[in-house]
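The structure is shown first, followed by the analysis.

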Amino acid sequence: MRVLVTGGMGFIGSETVLALMENGHEPILVDNLSNSKEDVLDKIEKISGKRPHFHKVDCCDYEGFRKVFEEEKNIEAVIHFAGLKAVGESTRKPIEYYTNNLLSTLVLLRLMKEYGVHNIIFSSSATVYGVPKRVPLVESDPVGGATNPYGETKVMIERILEDANKADPSLNVILLRYFNPIGAHPSGLLGEDPNGIPNNIMPYISQVASGKLKTLHVFGDDYPTPDGTGIRDYIHVLDLAEGHVAALNKIVENPGVVAYNLGTGKGTSVFELINAFEKATGVKVPFVVDPRRPGDVAANFANCDKAFHELHWKAKRNVEDACRDAYRFQTTGASK
Ligand code: WQD
């Protein structure tokens, strides 16, 4: 299928572009490069042997985005990654987050309607569940009450897509709720390369291990968990990418609106993650324990039975695989 991928030059977007090409699809990339670099296209070509079409466009720019739909005939589906995604930053810049994430989606939906595109796969997040009432989380658990504007934009966009489908049942929507994406492409060429000090733990650990940062700060060891540190569901980014290909195979069945958790179904604590990283790479990760980070929850992991039964998809890689791949990327592909 010809698939328009917004945010296709990003961490998860670029891995998904590779998985689409490996499965015979034709991705068309749209990205404003606000949080990615143009050389990602060279790396995609180096890994896959093919150079997909890329348009440097901001999805909020109706005229600019319309040109892509005009030029790229027969778009059959859209995978919508484009959006600002830093939790902490969103609490400092809520208007920017609501404007960018909601407007880009509204412009996209208007253009999809104008050009007769009926299939959208949306990059949602476990944050739509807010503070979990119970774990593991299932798709029927209540949505809402995200603890930050970033998470709220995901809740609102899911709602916009549901309402759009109610008004036009020919619009098929698959909501993919990611847990904690980690890891990198095994080639070491593509991975998570955040600007500045990483917010997320995996790039932070990788930069401590490579010597770019001095010490990992563990945000709290007094949670009601077995070892006192926060528990998350860390999923390898390649498994996540393959989940999007599985969703593309599903969307042609005209499913209407359906949500899937994309995780491993296994909770891993911060201390367990550190141990897994040290075991996988042989590199020690010095850390200190600091107070809890505001907004963090004790435990958050997924029940992924629905994706297994309906998408015939299951995460195949484990946390050590992701640590090994993340470290390889940090020491070869990441910006110094
Ligand atoms: C993981 C664990 C921290 C950093 C966020 C977003 C989510 C998704 C993934 C976009 C927690 C601990 C972290 C550090 C630490 N992003 N930690 N030291 O907060 O679970 O999820 O990123 O979709 O939407 O909410 O990820 O990697 O920041 O934290 O101890 O330097 O690591 O307390 O237990 P999080 P994270």
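A salt bridge is a side-chain nitrogen of Lys or Arg within 4 Å of a carboxyl oxygen of Asp or Glu. The whole structure holds 27 salt bridges. This is a predicted model, in which local features need pLDDT of at least 70 and side-chain atom pairs count only at pLDDT 80 or more, whereas totals for chains, interfaces and linings use all residues. Residues are numbered from 1 along each chain as its sequence is written, and side-chain values use heavy atoms, with hydrogens and water left out.

| Pair | Closest N and O atoms |
|---|---|
| Lys37 and Asp193 | 3.6 Å |
| Glu158 and Arg177 | 2.7 Å |

Glu158 in helix 6 and Arg177 in strand 6 lie 19 residues apart; helices (H or I, at least four residues) and strands (E, at least two) are DSSP runs, numbered from the N terminus. Glu158 has a relative accessible area of 2% and is buried, as is Arg177 at 4%. Here buried means under 20% relative accessible area, exposed over 50%, and partly exposed in between (1.4 Å probe, protein chains only). Lys113 is exposed at 61%, while Asp168 is partly exposed at 22%. A network of salt bridges links Glu63, Arg66, Glu70 and Lys73.

Helix 11 covers residues 319-332. Its buried residues include Val319, Cys323, Tyr327 and Phe329. The buried residues of helix 11 pack against elements including strand 7 (180-182) and helix 9 (270-281), contact meaning heavy atoms within 4.5 Å.

How values were computed. Expected span 1.5 Å × (residues − 1).
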